[in-house]
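Me: Please examine the structure shown below with me, and explain its aromatic contacts and helix packing step by step.

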Amino acid sequence: MKKIFIPVFALVLLGSCDILDKPPLPSISPENFFRSADDAEAGLTAAYDALQGTGLYSQDLIAVGEMPSDNCTSNNGDVASLDRISWTPTTSQVYNIWRDSYLGINRANAVIRYVPTITMDEARRKQILGEAYFLRALHYYNLVKLYGGVPLRLEPTESGEQSVIALPRATVEAVYTQIVADLTAADAAVPASNTNRVTNGAVNSLLAKVYLTQRQWRAAVTAANKVISTGRYSLVTNFKGLFPAENKVSETILEVQNQGNADGNNILPDLLLPSPPATYSFPKFNIPTLFLSKENEKPTDLTSVVDTVNDRRWSRVSTTTVRVDTVLYVRRDYASFVLSSSRSRGASSNDLGPFVYKWPGAPNAFNSPDNTYILRYADVLLMYAEAANEQAGPSADILDKLNLVRTRAGLAALTPASPQYASKKAMRDEIDRQRRLELAFEGERWYDLLRYARHNQAEAGAHAVTALDIIQQRLNRPDANYLLFPLPQAEINNNAQLQQNPGY
């Protein structure tokens with residue numbers, strides 16, 4: 001990896017008005033930075049700031065979570081390899097996610113390493129460290145589910161020397177062990193309420209996700225239930241009201257906080273929405289697999305599973321007409337997507353058809369203020385239902401959790417007489433379907449499909465559609481090597497101890 005310690009603290013100094021009031025330092029280093037409580041706060045702010053990286057929640061982590069899946073398609077050259085499942089070690093997203101994840105890890109490591117040396121309020125120190133442990137765990141979770149085993153860097157990288165940067169890959173098991181250890185440390189340190197920051201709810205929501213990925217059903221149920229049993233969270237009444245994410249307290253567990261400026265922004269709306277409101281016309285990312293031409297339609301596309309009449313997540317909310325200069329745009333808003341179906345003149349295929357509409361704020365020239373969900377309560381309810389069903393099959397308890405999501409969407413509540421209740425497999429299929437419909441375009445679908453593929457490897461036929469089915473569609477072969485990204489070639493060039501994933 002590149003030497004990134006000095007840039008970390010350069011960014012820290014830009015992250016706090018109080019810090020900006022200090023006299024400028026001739027250089028930034030551990031010796032002259034992590035010396036006060038203000039420095040500890042600024043270091044933590046920098047660790048949160050990393051979540052806004054292009055490789056993470058402002059672009060690539062969401063794109064990778066959707067573009068290879070059956071939810072989305074695109075002919076934009078920047079994401080074409082994701083759509084075709086033809087990525088290589090030099091694909092930009094392969095490198096960007098790795099780079100920005102380790103940048104975030106390094107910032108968290110700096111907090112964990114140096115904040116204990118500062119004289120400050122002990123309770124606040126404990127909380128800062130807990131938040132840093134969570135952020136490190138989140139980055140390692142994103143890395144391990146995409147790349148498999150990765151180097152475990154648990155100290156800040158302060159030198160570009162090979163002896164420092166050339167770490168071997170840890171095993172997948174070792175990475176998960178570290179993630180759980182970090183989340184356990186965080187759980188003991190963070191509070192139940194912490195506005196716009198990490199809470200016990202976020203810690204246990206991520207733990208549930210980690211255990212679900214590992215098929216540790218009992219542990220996943222326990223972690224999810226810790227969130228549910230607090231009573232602090234509930235689904236908002238109106239699904240459409242969830243978007244854009246703006247710290248909607250009852251359902252929000254953790255969001256990336258975007259300010260709509262160059263220092264804190266979300267570039268997704270301009271990449272996803274037609275023009276207008278996007279800044280200009282170009283082929284968009286993450287085009288929903290809805291209403292495709294028959295020759296391009298696949299049985300796994302969204303068209304085959306969505307109900308645009310009764311499901312409030314997919315049914316029409318409104319029709320709006322937008323005039324820009326002399327051009328009239330008609331847009332139909334369907335809550336999860338927007339259908340830009342006609343323009344009076346000057347039509348461009350870039351701006352016609354369905355587009356993701358979960359970031360509906362004004363794109364603002366790639367500086368949108370729309371937040372991005374990392375964790376929300378509906379996901380926790382569905383994780384609980386999935387893990388509990390895998391443990392013991394359908395139950396009234398599972399129906400209670402699942403029906404909260406279904407009825408908010410305007411769907412009838414399931415009962416023990418419903419066909420979905422007939423078997424563990426029938427209930428699993430329904431939970432898979434609801435996860436897809438509820439969390440569409442939020443960067444979850446491909447990661448779920450990867451989980452399902454590994455579950456099917458352990459239990460043949462468990463899930464109806466998995467990542468291997470999508471790989472078969474795109475490559476005409478179910479190549480299991482594509483269940484992992486390759487390691488970035490730039491990292492292999494810099495670290496002789498790294499070995500590439502099979503098939504690349």
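Me: Over the face of which residue does Arg376 lie?
Reply: This is a predicted model, in which local features need pLDDT of at least 70, side-chain atom pairs count only at pLDDT 80 or more, and totals for chains, interfaces and linings use all residues. Residues are numbered from 1 along each chain as its sequence is written, and side-chain values use heavy atoms, without hydrogens and water. A charge sits over a ring if NZ of Lys or CZ of Arg is within 6 Å of the ring centre and within 35 degrees of the ring normal. At 5.7 Å from the ring centre, Arg376 lies over the face of Tyr373.

Me: Over the face of which residue does Lys145 lie?
Reply: Lys145 is placed 4.1 Å from a ring centre. The ring belongs to Tyr447.

Me: Is Tyr482 buried or exposed?
Reply: Buried means under 20% relative accessible area, exposed over 50%, and partly exposed in between (1.4 Å probe, protein chains only). Tyr504, at 27%, is partly exposed. Tyr482 has a relative accessible area of 13%, so Tyr482 is buried.

Me: Which residues of helix 17 meet helix 16?
Reply: Helices are DSSP runs (H or I, at least four residues) numbered from the N terminus, and contact means heavy atoms within 4.5 Å. From helix 16, the residues involved are Trp446, Leu449, Leu450, Ala453 and Gln457. Their counterparts in helix 17 are Ala467, Leu468, Ile470 and Ile471.

Notes: Helices (H or I, at least four residues) and strands (E, at least two) are DSSP runs, numbered from the N terminus.
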